[in-house]
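Dear colleague,

Please find below the structure that I am handing over to you, together with its sequence. My notes on what was found in it follow.

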Amino acid sequence: MAYLLPLSLALLVGTSFGLSDKCYTLSIEGGGTHGAYEAGVLWSFANYIPAEERQWDIITGISAGALNSRMCAQFNYGDEINMANAAINAWESLVEMSMIAAKWKQGSYYSMFFKPSLYNTEPMLDFLNGVCGTTINRNITLGVTDYETGEFAEYNQTIGVELFTVASKASASIPLVFAPTQLEGHWYGDGGVSINLNADKGVSFCRELGYSDSNIVVDLIRDMNGQDRPVSMPMNNSKEVIDRANQISDYYNRRWFLFDFAHSFPNVDTRYVAEPSQQLPPPNGPPLDFTLGVMPWEVELGKADGQKLVVNGMKGWEHLNLKKLSDIPTTHYF
Ligand SMILES: *[C@@H]1O[C@H](CO)[C@@H](O)[C@H](O)[C@H]1NC(C)=O
Ligand SMILES: *[C@@H]1O[C@H](CO)[C@@H](O)[C@H](O)[C@H]1NC(C)=O
Ligand SMILES: *[C@@H]1O[C@H](CO)[C@@H](O)[C@H](O)[C@H]1NC(C)=O
């Protein structure tokens, strides 16, 4: 029997936390129902990255990314394929908005002045309790915005199963549409109000465990549209100037935290950075599209985009049309 013991220990070691010479982090962006796209990318990361290189030591997320991260929390290190399947099933099960948010019966005009949001998001907590399981097996950090102090705040799994689910709902409380969420005496709104991707937390977590930056591997899943760099063109009238201004400001709003991350952590191994290769619906308005068939389509696009990155070995920032670090504007946030 004696020889069985080292073998079983070896098996345990293969699926447990932080025993590799590298620290792996995954960070997932906010973006409403584009969480479905992210689940598709996650599936390809889980299926195509070698098992020992995708047992992320920490997963961080904002809003839709926080919902995905919260769902991931129930799966052990090494169980990433089941984790991705569960995330896909959760998004694909959302066949109508009323499953997470219902219009207040008094209507939109009344809600604007006498309710905290256009929709009542109580159903969202029931939905999340149904898909998040009853155990926590991984390190996860979610970001929220404290509406009272105006500060960004983070929660991790140490808060406990039930409150952690509330924290994920808080992170996804898209202003105006969804109600702010109360947690530990604070009123929280969407983490994306302050920053839409908390990848820096993954790095600080690994640093605290003693890893040097060159041994920290960072994967990012983005889900926002508008990723193209504005191309050069002349303006002819005021309408074109305002459209142009919106286009440029949109581009930087959706990327400034990536620029900061790239400049703040130039020595970490930024491995896969997934972004939608096509415009995700709807073309205008908040990213909440429950039209039948849209979420499965986003899942498939996410799978295809994620597979392309891993199988073709497209690492780092290059394929984001940003070329070199010196091409990325710096904003010195961290
Ligand atoms: C989270 O990380 C710590 C190290 O900071 C580790 O000791 C712990 O086991 C991890 N927790 C889970 C649930 O994996
Ligand atoms: C997790 O949250 C607790 C409580 O807020 C905090 O003390 C701890 O530093 C956090 N851990 C990490 C790794 O962020
Ligand atoms: C301004 O006019 C030029 C020449 O007609 C055109 O090529 C360009 O696209 C216009 N600019 C914008 C912002 O539409």
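**Overall organisation**

Among contacts in the protein chain between residues at least 6 apart in sequence, 78% join residues at least 24 apart; two residues are in contact if their C-beta atoms, placed from the backbone, lie within 7 Å. This is a predicted model, in which local features need pLDDT of at least 70, side-chain atom pairs count only at pLDDT 80 or more, and totals for chains, interfaces and linings use all residues. Residues are numbered from 1 along each chain as its sequence is written, while chains are lettered from A and ligands numbered from 1 in the order in which they are written.

The protein chain contains eleven helices and ten strands. Helices (H or I, at least four residues) and strands (E, at least two) are DSSP runs, numbered from the N terminus. Of the 334 residues of the protein chain, 42% count as buried. A residue is buried if 20 or more other C-beta atoms lie within 10 Å of its own, exposed if 12 or fewer, and partly exposed in between, with C-beta atoms placed from the backbone.

**Confidence**

The predictor's confidence in each residue is given as pLDDT, from 0 to 100. Its mean over the protein chain is 89, and 89% of the residues reach 70 or more. Over residues 1-14, pLDDT stays under 50, and the model has two contacts beyond four places in sequence for them. Where pLDDT is low, the predicted coordinates should not be read in detail.

**The annotated positions**

The UniProt annotation "active site", from an unreviewed entry, covers Ser63 and Asp190. Although spread over 128 residues of sequence, these positions cluster in space, with a largest C-alpha distance of 6.0 Å. UniProt positions are given in the numbering used here, feature names are shortened, and annotations may be inferred rather than shown by experiment.

Ser63 is found in the loop between strand S2 (58-62) and H3. Ser63 is buried, because 34 other C-beta atoms lie within 10 Å. Its phi is near 55 degrees, a positive value in a residue other than glycine. Not counting residues up to four places away in sequence, Ser63 touches Gly30, Gly31, Ser171, Ala172, Asp190, Gly191 and Gly192.

Asp190 lies in strand S8 (residues 186-190). Asp190 is also buried, with 27 other C-beta atoms within 10 Å. Leaving aside neighbours within four places in sequence, the contacts of Asp190 include Ser63, Gly30, Thr145 and Ser171.

**Enclosed helices and the core**

Nine of the nine residues of helix H3 (residues 64-72) are buried, so H3 is largely enclosed by the rest of the structure. Among them are Arg70 and Cys72. Helix H7 (residues 161-171) has eight of its eleven residues buried, so H7 too is largely enclosed by the rest of the structure. The buried residues of H7 include Phe164, Lys169 and Ser171.

A nonpolar core is a set of buried Ala, Val, Leu, Ile, Met, Phe, Trp, Tyr and Cys residues joined through C-beta atoms within 7 Å. The largest one has 76 residues, of which Ala39, Leu42, Cys72, Ala84, Ala87, Trp91 and Ile216 touch the most other members. Helix H2 (residues 35-48) gives the most to this core, with eight residues. Not counting residues up to four places away in sequence, Ala84 touches Ala39, Leu42, Trp43 and Ala46.

**Ligand surroundings**

A residue is near a molecule if its C-beta atom, placed from the backbone, lies within 6 Å of it. Ligand 2 is surrounded by Thr141, Asn156, Thr158 and Phe205. By class, that shell has one nonpolar, three polar and no charged residues. Around ligand 3 are Met233, Pro234, Met235, Asn236, Glu240 and Arg244, which make up three nonpolar, one polar and two charged residues. Here Ala, Val, Leu, Ile, Met, Phe, Trp, Tyr, Cys and Pro count as nonpolar, Asp, Glu, Lys and Arg as charged, and the others, Gly among them, as polar.

**Backbone details**

The peptide bond from Pro281 to Pro282 is cis, with omega near -5 degrees. Pro282 lies in the loop between strand S10 (269-274) and helix H11 (294-311). Leu176, although not a glycine, has a positive phi of about 75 degrees.

With kind regards
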